[in-house]
Each structure stands twice: as C-alpha cells, then as structure tokens.
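User: I have a structure open and would like to go through parts of it with you. Could we begin with the packing of one helix?
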Amino acid sequence: VLSLIGLSLIALGTGGIKPCVAAFGGDQFEEKHAEERTRYFSVFYLSINAGSLISTFITPMLRGDVQCFGEDCYALAFGVPGLLMMTALVVFAMGSKMYKKPPPEGNILAQVFRCIGFAISNRFKNRSGDIPKRQHWLDWAAEKYPKQLIMDVKSLTRVLFLYIPLPMFWALLDQQGSRWTLQATRMNGNLGFFVLQPDQMQVLNPLLVLLFIPLFDLVIYRLVSKCGINFSSLRKMAVGMILACLAFAVAAVVEIKINALAPPQPGTQEIFLQVFNLANDEVKVTVLGNENNTLLVESIKSFQKTLHYSELHLKTKSQDFYFHLKYHNLSVYTKHSVEEKNWYSLIIHEDGKSISSMMVKDVESKTTNGMTAMRFVNTLHKDVNISLGTDISLNVGEDYGVSAYRTVQRGEYPAVRCRTEDGDFSLNLGLLDFGAVYLFVIINNTDHGLQAWKMEDISANKISIAWQLPQYALVTAGEVMFSVTGLEFSYSQAPSSMKSVLQAAWLLTVAVGNIIVLVVAQFSSLVQWAEFVLFSCLLLVVCLIFSIMGYYYVPVKPDDLKGPAYKQTPHIQGNTINLETRKTRL
C-alpha cells in the first residue's frame with residue numbers, strides 16, 4: 001500500500017512539474033531573445049540527463065554499498081533523492097522574486113475541451129443550408145466563447161495535429177531500457193579495461209546526451225547554417241526520426257549476428273545429448289533407439305565429454321533410449337527416458353567394480369541478465385555445502401549427487417568456500433563469463449587434493465557489448481535533434497495561455513509511444529531482429545508522413561500569438577487576401 005501511495009504521489013508531482021517547468025523557463029525570455037531561449041531548452045534537456053546519469057551511478061551505490069538492518073539500504077536510496085528534492089524546492093522558492101510569473105488563467109484545459117465540444121455540437125445543430133458557412137470549424141464556438149480563446153484553440157489544434165505521428169519515435173527511443181538491455185544480456189561486457197553489466201549500458205544515453213547537445217548547438221547547427229541550409233525545427237525533428245530508424249536497423253544487424261553464434265535449440269521430436277565419463281578409463285558409448293537402431297557411437301576418455309551436444313531424433317514426444325557401455329571387459333546395458341526439445345547429459349561413473357550411468361536434464365538456453373549459471377556433481381562420499389556468496393549456497397549429495405543450477409554474477413571465483421562434515425575446503429572455479437553455463441565435478445585428486453573439474457556446457461557470449469555503441473550513438477543523436485527541438489518548437493508555437501497545455505500534450509505523445517511498444521510486444525510473434533526491422537520501417541513511414549505534414553505547416557510568428565491588443569486586418573495583395581498582424585493602441 002505504501003509503495004502504491006508513493007508511486008501515485010510521484011505521478012501527481014511529475015504531472016505538475018513536467019508540463020510547467022519547460023514553459024515556465026521559456027517565459028523568462030523576451031521574444032527578442034528567441035535564440036537564447038532555444039539555448040535554454042538545450043540546457044534544460046542537458047540538466048535532465050545529467051540528473052539521470054548521476055542517479056544511475058549513485059542510487060545503486062547508496063542501496064548496495066550500505067547495509068540497513070542487515071540488508072540493502074533502500075531507505076537511503078530513496079531518502080537521499082527525497083532530501084535533494086526538498087533542497088531544490090527551497091532554492092526554487094528563494095529565487096521566486098527573480099522570476100517572471102504570468103498570472104494563472106484558470107483551468108485552461110477545461111476551457112479548451114468545452115470550446116471544442118461546443119463548436120462541434122453547435123455545428124451539428126446548424127446543418128441547414130441557409131446558415132452561412134464559417135471559415136474554420138472552431139468558429140462555431142463564437143456564440144459562447146471569446147474570439148481570443150477561439151484563436152488560441154485554433155493554434156493549439158494545428159500543432160496537436162502535427163503531433164499525431166510523434167509517438168512512433170518514442171516507441172523506439174524508450175526501448176533502450178527494455179529490448180536493448182535484453183540484447184545486451186546476450187553479449188560480452190568485458191571491454192578489456194572495464195567490465196560492463198548489461199543494464200549499465202543505459203548510462204550511455206544520458207552520457208551521450210551531455211556530449212551531443214553542445215556539439216550540435218555549437219558546431220553542427222552553426223556549420224549547417226553557414227552552408228545556407230534552412231534547418232528549421234520540423235526538419236531537425238524529421239532528421240532525428242531518420243537517425244532513430246538507422247539505430248534500429250543497426251540493432252537488427254547486431255541481433256542477427258548474436259543469433260548466428262547462439263547455440264541451436266532442439267526442435268519437435270529432437271533432443272541434444274552429451275556424455276561425461278567420470279570413470280578411471282575410457283568408455284565406449286553406443287546409443288540405441290527403440291528398434292535397436294544405432295543413433296550414436298562415441299569412445300570417451302576418462303574425465304572427458306563428447307566434444308559437443310549430439311542431436312538425436314525421437315519417434316514420439318517422449319521415448320526410451322538404450323545405452324550400451326563398454327568399459328574394459330564389461331558390457332553394461334541401461335535405459336533412460338527423454339522428452340523432446342530438451343538438453344540432456346549422460347554421466348557415467350564407476351560403481352564398485354562395474355560402471356553406472358545417470359541421465360540429467362540440462363539448462364535449456366543461455367542465462368539472462370548477463371549472469372552465469374553453474375551446477376555441481378559431487379564424487380565424494382560425503383555431502384558438500386557450497387557458498388557462492390552471502391546469500392547463495394547449495395547442497396550437493398554424496399556419491400555423484402547432482403545439484404540444481406545456480407546463477408551468479410560474472411567474475412573470477414578463485415576460492416569458493418565448501419563445507420563437509422570433515423571440515424572446510426575451497427575450490428578454484430576460475431573465470432565465470434557472461435552467459436556461460438558450467439558443470440563442475442568435485443573430485444579428490446591424490447596429487448592436488450580436492451578440486452573442481454570444470455566443463456563449459458554452453459559457451460560464453462562472444463559478441464562484444466561494444467557493438468551496441470553505434471546504435472546508442474545514432475538514437476541519442478536522434479533524441480537530441482528530435483526532443484530538444486520539439487520542446488522549443490512546442491513552446492514557440494503555443495499561445496501564451498496554452499504553453500503548459502502543449503507541453504503536456506508533448507509528454508502525452510511519450511506515453512502513447514510506450515503503449516505502442518506494449519501492444520506490439522503483446523501481439524507480435526516476430527523474432528527480435530524482425531521486430532527491430534518492423535519498428536524501423538514503421539518510423540520511416542511515419543517520418544515521411546510527418547515530413548509531408550511539416551511541409552504544409554506554416555509556423556506561427558510571435559506577433560500572431562499576442563493577446564487581445566492585437567487584431568487581424570485584411571490586406572489585399574493581387575487576387576489573394578492575406579491576414580497581416582497590425583498593432584493598435586487600446
């Protein structure tokens with residue numbers, strides 16, 4: 001209940017701050033300082049991402065590096081930002097007298113809806129042909145609402161119409177924290193000089209924003225201007241969309257490369273089988289089907305496994321396999337049941353003067369979140385308790401007991417503590433790499449004591465996480481051109497009474513974009529790379545539509561957004577009548 005209350009308060013607070021803070025900042029600039037206002041929106045967006053970058057680093061440290069009541073310190077992780085927000089409020093209030101504060105004009109959003117509603121209803125009430133037509137459908141609200149409000153709503157609806165294609169951009173941008181992070185879990189985060197966890201790649205976006213905003217404002221846009229190109233706000237936003245398209249095309253290529261190196265999955269009426277020989281000498285293994293047909297023949301040396309998983313075909317969804325094990329002069333026959341679409345390991349070991357085998361089901365795929373998975377086989381005649389961390393431990397039964405899988409963070413594990421009834425010992429597990437799956441056999445080596453024989457069932461991620469850098473760079477460049485420009489464009493095109501309303505509508509396009517991702521994820525049956533291509537193509541189509549809409553959009557001049565002290569007077573020019581803004585004295 002407390003968590004829901006906290007989330008609700010955050011939602012209410014964000015809804016109050018976000019639409020108003022950008023408009024409030026823009027209000028501090030006179031119209032003659034439009035260039036400085038444009039720079040303000042860049043600094044404003046830069047500040048947002050600076051805060052995001054700091055919180056991404058600091059908050060996990062406050063939670064994980066400090067202990068509260070013996071556990072992670074969430075109280076500190078939430079408390080420090082709350083305290084900083086309180087400090088920000090005090091600083092904001094202290095500067096209150098320095099700000100330009102336009103007086104509040106009531107519930108402007110309600111007035112907009114009422115004006116639009118009345119115009120529509122009045123139009124349908126007066127459908128007879130003898131009633132003179134009006135230039136704009138909103139003019140039907142003139143009987144009830146003042147002319148200035150109607151003009152403001154007209155300006156608002158023109159920009160809102162231009163906003164219709166925008167959610168598709170956010171649908172792509174906001175996948176950095178979801179689909180792209182999942183992609184990173186299947187990549188290798190070892191950069192040589194630094195090891196990145198998959199979710200740490202999200203730090204790239206705010207970091208690149210901090211670099212790109214001054215680069216675009218101070219270098220790229222000025223160079224484009226010197227080349228004589230009119231790089232308007234709508235053109236910048238269109239180029240931002242194209243960059244996001246390219247980013248997802250690159251992400252699709254990376255995904256295809258990852259899939260090419262991923263282990264194959266057994267299909268219908270198929271299994272994958274590997275064999276481990278824990279006996280003291282070579283064993284010849286013959287796998288027979290139900291009809292005594294030979295499916296696999298392998299000679300496996302002591303403490304060796306088959307070089308790879310062998311693909312075996314079943315007659316039905318589940319089936320019995322018969323195994324002929326030849327060890328020295330012994331011939332042992334055994335039977336094991338398997339089910340389709342699974343991975344199995346046949347573990348052969350000595351059983352007195354004979355040999356025995358057991359079939360165990362393996363992990364079905366690579367681990368998630370960049371973790372590494374492992375399990376243990378205990379050849380000792382006593383139970384072993386293994387501690388893999390402060391809160392991760394597992395028991396392995398005596399005499400070839402097999403543990404369940406456990407996942408741990410990638411890293412070096414040179415001294416893993418193990419406990420038996422006879423005392424403690426440590427095992428050197430070496431490097432456990434991203435996405436790999438390991439089997440450790442605990443053995444008593446006469447020369448070196450207790451050891452762990454390490455086998456890699458599924459190899460580690462091979463594609464470097466650095467291959468995500470181009471797609472992050474492209475999408476961040478697109479974000480800088482699209483989002484920063486869009487904020488300034490929304491402010492400049494909004495009437496003075498509608499600036500917060502239009503900022504709220506801008507933020508609403510972000511919410512709709514996230515809903516698009518949810519809908520596609522729910523109903524799309526495409527593989528991930530194809531979904532990336534789909535999003536890229538959809539945004540390309542949307543960009544084309546937006547470009548056409550922008551071509552016919554006539555930007556509002558600052559004087560057209562003034563209040564009642566400005567009126568429209570007709571000016572005849574040739575065969576056309578243009579409306580020109582004339583300033584008159586009251």
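Analyst: The buried residues of α4 pack against α5 (147-163) and α11 (499-523). Contact here means heavy atoms within 4.5 Å, and buried means under 20% relative accessible area, with exposed over 50% and partly exposed in between (1.4 Å probe, protein chains only). Helices (H or I, at least four residues) and strands (E, at least two) are DSSP runs, numbered from the N terminus.

User: What kind of model is this, and how are residues numbered?
Analyst: This is a predicted model, in which local features need pLDDT of at least 70 and side-chain atom pairs count only at pLDDT 80 or more, while totals for chains, interfaces and linings use all residues. Residues are numbered from 1 along each chain as its sequence is written, and side-chain values use heavy atoms, with hydrogens and water left out.

User: Back to α4: which residues are buried there?
Analyst: The buried residues in α4 are I108, A110, V112, C115, I116, A119 and N122. As background, residues three or four places apart in an α-helix point the same way, because there are 3.6 residues a turn.

User: How far apart are the end C-alpha atoms of α4?
Analyst: They are 25 Å apart, which agrees with the 26 Å that the 18 residues of α4 (residues 108-125) should span at 1.5 Å a residue. The expected span is 1.5 Å times one less than the number of residues.

User: And on the α5 side, is I150 buried or exposed?
Analyst: I150, which is placed in helix α5, counts as buried at 5% relative accessibility. Leaving out residues up to four places away in sequence, I150 touches C115, L138, D139, A141, A142 and Y145. C115 is itself one of the buried residues of α4.

User: Changing topic, how many salt bridges are there?
Analyst: The structure holds 12 salt bridges, each being a side-chain nitrogen of Lys or Arg within 4 Å of a carboxyl oxygen of Asp or Glu. One of them joins E488 and R37, with the closest N and O atoms 3.7 Å apart. Because E488 lies in helix α10 and R37 in helix α2, this pair ties together parts that are 451 residues apart in sequence. Both E488 and R37 are buried.

User: What about E255 and R186?
Analyst: Their side chains meet in a salt bridge at 2.5 Å, N to O. E255 belongs to helix α9 (residues 233-261) and R186 to the loop between α7 (179-184) and α8 (204-226), so the pair links parts that are 69 residues apart in sequence. E255 is buried, with a relative accessible area of 3%, whereas R186 is partly exposed at 26%.

User: Last one: which residues form the nonpolar patch on the surface?
Analyst: The patch consists of V1, L2, I5, L9 and L12, with about 620 Å² of accessible area together. I5 lies in helix α1 (residues 2-27) and counts as partly exposed at 44% relative accessibility.

Terms used
Patch = residues over 30% accessible without salt bridge, like charges linked within 9 Å, V, L, I, M, F, W, Y side chains within 5 Å. Areas by Shrake-Rupley, 256 points an atom, 1.4 Å probe, with all protein chains shown as cover.
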